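Here is a short briefing on the fold of one protein chain. Start with the structure, then read the points below.

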Amino acid sequence: MTDQKINNGPAVTFNDFSSLFQSLKSWNDYTPDTIERGALNYITSEVTKSATQLVTTGEIVTMGLAWNTVVGPDNHKPALHYMSEIGDTPNEEPTCNKDFIGVDYHGKAVSHLDAMTHIAFQDTLFGGKKSSTVVNSTGSAWATVDKLGPIVTRGVILDAARFAGKEWIEPGTAIHADDILAFEKKFGFMLGQGDCVLLRSGHFARREKLGVWDPSDFSAGFHVDVMQLFKDRKISVIGADGDSDVRPSPVAGVGSPIHVLALPGLGIPLLDNLQLEAVAQKCAELNRWIFNIVVAPLNIPRGTGSPVNPIAIF
């Protein structure tokens, strides 16, 4: 991957990024009772009801990656799975098989949801809380995943690879606000309040054909210029088949600028490492790029996020 062409610009200075963060942050848009849910507040009962009315065929497509226990360039900390009991005890009925699972999911190999407490910028979490004050070895006391609950809304896929007429767009390629406006025009949708916006770069199509690489170094994703559009459209969730950030980062001194603007800035939870090939294919077959999406994170008090297996319902 060392010879990979990078198209992640334009470059952004740290000072300009800090100014962008200040201009975008939405901390004052919420009350003390609602702020820990951030942009999920845009998913009203009316938004959810409208999303469920998108269901016409009843077809279901999952978007979670398979549980990955094999170490590799994109799986530095493999998930754990082993049997804790095997039903081989004689003269007892019924016998029982039990297994254990465990995972350090904030990486590149597990489909997961990031709660707002996952990322701090200059020690500051969403709403202005100091990470060093509210987070310790037992978890977080602020904006945690158990405050988010199930998400039922409209999913919209931004199929950048299909738009480009390719199997995938190359790692290191940035998607810009103007690109999203072009996607809307070509595919016939408009992003709106409460949407869960999913970027398909074709990451896993590339991985299957060309082999594994470390997306911590190279991945397609959003440029920071998309975030004003997402704020204006009142987007509630952002996700991707990568982790939404283009890598290398175009921002000097900030490794994951989309994570910063989304989580501590706008209170928008992120869905990382989604398998979007099947849902993109279904969208193409039906010639519709919107669907009902359901995301149910685990109820983990003080948790920074959760493994998830989002489902699209057509």
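**Fold briefing**

Of the contacts in the chain between residues at least 6 apart in sequence, 78% join residues at least 24 apart. The model is predicted. Its secondary structure comes to nine helices and 15 strands. The radius of gyration is 20 Å, close to the 20 Å that the globule rule gives for 314 residues, so the chain is as compact as a globular protein of that length.

**Sheet**

- Nine strands make up an open sheet with mixed pairing.
- The strand order is β1-β15-β13-β7-β9-β11-β12-β4-β14.
- At the edges lie β1 (60-62) and β14 (305-307), and each pairs on one side only.
- From one strand to the next, the twist averages 25 degrees.

**Inside the sheet**

- Strands β7 (residues 151-159) and β9 (residues 196-200) pair in the parallel sense.
- Five bridges join β7 and β9.
- Ile157 has Leu198 of β9 as its bridge partner.

**Helix on the sheet**

- Helix α8 (residues 257-266) packs on the sheet.
- Helix α8 touches β4 (112-114) and β12 (270-272).
- The direction of α8 makes about 140 degrees with that of β12.

**Dimensions and surface**

- Taken along the principal axes, the C-alpha atoms fill a box of roughly 70 × 45 × 45 Å.
- Buried residues account for 51% of the 314 residues in the chain.
- The chain exposes about 14200 Å².

Key
Residues are numbered from 1 along each chain as its sequence is written. This is a predicted model: local features need pLDDT of at least 70, side-chain atom pairs count only at pLDDT 80 or more; totals for chains, interfaces and linings use all residues. Side-chain values use heavy atoms; hydrogens and water are left out. Two strands pair if DSSP finds at least two bridges between them. Helices (H or I, at least four residues) and strands (E, at least two) are DSSP runs, numbered from the N terminus. Axes are lines fitted to C-alpha atoms, for helices over the stretch in contact, and angles run from 0 to 180 degrees between N-to-C directions. Contact means heavy atoms within 4.5 Å. The radius of gyration is taken over C-alpha atoms; the globule rule is 2.2 Å times the number of residues to the power 0.38. Buried means under 20% relative accessible area, exposed over 50%, partly exposed in between (1.4 Å probe, protein chains only). Accessible areas come from the Shrake-Rupley method with a 1.4 Å probe; for residues, only the protein chains shown count as cover.
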